[in-house]
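Try each one before reading its solution.

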Amino acid sequence: MNFLAHIYLSGDNDLLKIGNFMADGIHGKAPKSFPEDVQKGIILHRFIDTYTDAHPVFRQSTKRLHPFYHHYSGVIIDIFYDHFLAKNWSNYHNEHLYNYTQQFYKLLEDNYTILTERTKGMMPYMIKQDWLGSYATTEGIAEILKQMDRRTKNKSGMTNAVNELLEFYDDFEKEFTLFFKDLQTFVKEKTPTL
């Protein structure tokens with residue numbers, strides 16, 4: 001799953017959200033210098049990623065992309081699935097997506113001192129371009145994929161993946177809905193044990 005899903009799956013715990021959001025850039029054990037709930041967020045993020053990668057529905061989605069994008073297929077599906085979460089946000093949360101994302105950006109600003117350097121470096125772009133809110137449209141996803149492709153020095157071809165998103169849109173959306181239901185159940189059971 002990508003940023004929006006990781007934040008959403010952290011529930012109402014702000015520090016858990018921050019840890020879950022920052023976790024990709026943290027290798028090895030969660031540093032003890034972080035508050036306990038941030039550490040738990042990092043652990044939760046890793047559980048989510050492991051569960052996602054092994055889930056048959058997620059794998060079905062990646063298989064559709066594999067001939068074109070090879071090992072980048074999983075990253076692309078993470079982004080596609082965040083699109084469907086954002087697009088169907090009112091099915092998952094009572095608060096409007098815009099308000100939710102703005103509150104998260106403020107949460108990062110209010111907790112700036114505990115963020116990783118990588119997160120601090122990314123924040124200005126993320127907030128200015130409203131990455132989380134932009135997931136709701138296919139145009140926003142196209143822009144995110146373009147940025148991701150640039151990070152791979154255009155080797156991944158991810159810029160083109162919006163074509164597959166549009167071509168197989170209904171299939172991907174159905175797969176996301178099935179998968180996300182399972183993932184929510186998994187996280188609900190896992191979170192109290194962190």
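**Exercise 1.** Which residues line the largest cavity?

*Solution.* Before starting, note that this is a predicted model, where local features need pLDDT of at least 70, side-chain atom pairs count only at pLDDT 80 or more, and totals for chains, interfaces and linings use all residues. Residues are numbered from 1 along each chain as its sequence is written, and side-chain values use heavy atoms, with hydrogens and water left out.

Step 1: find the cavity. The structure holds 1 cavity of 30 Å³ or more, and the volume of the largest cavity is about 60 Å³. (A cavity is a set of points on a 1 Å grid over the protein atoms alone where a 1.4 Å probe fits but cannot get out; lining residues have an atom within 4 Å of a point. The volume is the space filled by probe spheres set on the points, which are joined across faces, edges and corners.)

Step 2: list the lining. It is made up of Phe3, Phe21, Met22, Asp24, Gly25, Thr116, Arg118, Thr119 and Met122.

Step 3: assign elements. Two or more residues each come from α2 (14-22) and α7 (117-128), with α7 giving the largest share, 3 residues. (Helices are DSSP runs of H or I, at least four residues, numbered from the N terminus.)

**Exercise 2.** Is asparagine 2 buried or exposed, and which side chain does its own side chain join in a polar contact?

*Solution.* Step 1: asparagine 2 has a relative accessible area of 15%. Buried means under 20% and exposed over 50%, with partly exposed in between, using a 1.4 Å probe and protein chains only, so asparagine 2 is buried.

Step 1: its side chain meets that of tyrosine 135 in a polar contact of 2.8 Å. (Such a contact is a pair of N or O atoms within 3.5 Å; within protein, one must be able to donate a hydrogen and the other to accept it, and residues adjacent in sequence count only if both atoms are side-chain atoms.)

Definitions and conventions: On a 1 Å grid over the protein atoms alone, a cavity is a set of points where a 1.4 Å probe fits but cannot get out, and a pocket is an open set with protein on both sides within 12 Å along at least five of seven lines; lining residues have an atom within 4 Å of a point.
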